[in-house]
Amino acid sequence: MKKFLSAAVSAFMFLCMLAVPACSASDRKVEIPPENTEKVTIPEAGCTIDFPVKKPYEYQMDLVLDTEAQTVGGHVVIEFYNDSTDPWNELCLRDYPSLFDKADVYASKEKSGGGITEINNVKDSRGGSLEVERDQDDVSVIWLKLKKPLKPGSVMKLTYDFVTKIPNNADRFGLANNIYNVTNFYPILAEYVDGKWSHAKYFVVGECFYSEISNYKVRLTVPDDYKVASSGERVLSSPKDGKLTYKFEAACVRDFVFCASKSFANEQRNCDGVIVNLFYNKENPPEKDMSTVSDVAFASAENSLKAFGEAFGKYPYKELDIVITPNAAGGMEYPNLVLIADYVCHSNIKMYEDFDQLDAVLCHEIAHQWFMGIVGSNSGIEPWLDESLASYAEIVYYEYLGGEKEKNHKYGLSKNEHSITKNWNDKDKLDAAFSEFADDMSYTRLIYSEGKAVLYQMEEILGREKFHGIIRGYVKRNAFKNASTKDFLKALYDCAGNDNEELNEMVGKVFRTKI
Ligand SMILES: [Zn+2]
């Protein structure tokens, strides 16, 4: 999620990015695992990011959005395998909508209508029904005790039916301004890491989401006057008896989300080879004349896809949807879909020029397609991995645009203006979990503002081309996997070596993770 920051960011002229010369393993003095001792090559600028050969998990969902009952539900089949070295005696699912039974997770004042998700007919394909057991400390955590353990490498299908209430909530999960934001809405398999199921607590200002790359095949039935934005691509829509059934396919994504409204206007443009769809409420739009908003949004998408494609590797999906909708934090990222708050779409919400905050929020959320989408991470436990990198990507974006925009947005980030090494409070660690921060403000300051400055100063120390190459290497190496701080530092030191004292001093101060 993007916190709406007023911190100005500063600038360098955009340089054409070239492939960074490979650095050999002998450059390193730091301890690294044996599998990475081969020669490290840096992917070329603008390289492709290929889908994995190995079959990912698969979700098949047959869903209905019931706008009279204000619910979403249906039948789900998850086919997955045990990707750990431990036998699994139980499974863990995350059911975030059940948190909306209580008032403390709502972002908006108009709140009502949430509830505990009904989950029924839970079955293991290897035989037997499974009981749903909710965690006593966290209603969003569901435990399923398996009657027969799932051995490492073994495959099973889990099936269940569910119905969840969609609350009145002007945020990422809820109905507001006649738009259903239907995200994190079905029970999803949690991640099993280091011998246990990961289930970080939900929080309103950021994310705790953490899941496995999967292929999604989704049938979604809505009233026939509704338009739908979603992850993946629409492959079919067929009307029947006042209903419209869409068929969506989303390959290699961590989640499937959709937004639906009978008031949606939809515009489509090709941006750097990607089909970009823009949705907004045409009956109650943020601006009377939406043509400038559309132009700004599509230009931002085009420039983001170009800048990030060059710096981090090409966007590997065919489509990207932008949905202008109520959203408390300004923006929110999902696979192939970003939510942009209607309040940032006003011309007078600006720092330097009309609509520049719409541009800033959009480029940040689109950057998450790389840092959250392509490279996943545990966003509740190591939030810097997606938020600091997406915040740094704003700099990459403004460097790409150049000129005044670049100067304005990079102000104050340079090590000559704000030295991380000199000014860092040793108690702060960038790789801290959300739960370690005293409050939302200190979380936002460190993870967004300081995290951005840390990464920008790495760029200054190593040079832009080399640093972009290192991040590209990190993305390529961890594409469609979940990465950790260790993976980032490995990618950094594999190329930078450990003899750069300026870099070492900063990394030593900022991170607690050692490699
Ligand atoms: Zn963000």
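The side chains of Glu 399 and Arg 464 form a salt bridge with an N to O distance of 3.4 Å, a salt bridge being a side-chain nitrogen of Lys or Arg within 4 Å of a carboxyl oxygen of Asp or Glu. This pair links distant parts of the chain, with Glu 399 in helix 3 (residues 384-401) and Arg 464 in helix 7 (residues 464-478), 65 residues apart; helices (H or I, at least four residues) and strands (E, at least two) are DSSP runs numbered from the N terminus. Both Glu 399 and Arg 464 are buried, where buried denotes under 20% relative accessible area, exposed over 50%, and partly exposed in between (1.4 Å probe, protein chains only). Through shared partners, Glu 399, Glu 406, Lys 410, Glu 459 and Arg 464 are joined by salt bridges into one network.

The model is predicted: local features need pLDDT of at least 70 and side-chain atom pairs count only at pLDDT 80 or more, whereas totals for chains, interfaces and linings use all residues. Residues are numbered from 1 along each chain as its sequence is written, and side-chain values use heavy atoms, with hydrogens and water left out.

In total, 25 salt bridges are counted. Glu 207 pairs with Arg 172, the closest N and O atoms being 3.9 Å apart. Glu 207 lies in the loop between strand 12 (196-198) and strand 13 (214-223) and Arg 172 in the loop between strand 7 (155-165) and strand 8 (174-176), so the pair ties together parts 35 residues apart in sequence. Both residues, Glu 207 and Arg 172, are buried. In a further salt bridge, the closest N and O atoms of Lys 314 and Asp 272 are 3.2 Å apart. Lys 314 is partly exposed, at 30% relative accessible area, and Asp 272 is likewise partly exposed, at 27%.

The zinc ion is coordinated by His 364 (NE2), His 368 (NE2) and Glu 387 (OE) at 2.0 to 2.1 Å; donors are N, O and S atoms within 2.8 Å of the metal (3.2 Å for Na, K and Ca), and water is not among the atoms, so sites may look incomplete. The donor residues follow the spacing H-x3-H-x18-E in sequence. His 364 is buried, at 0% relative accessibility, and His 368 is buried with a relative accessible area of 0%.
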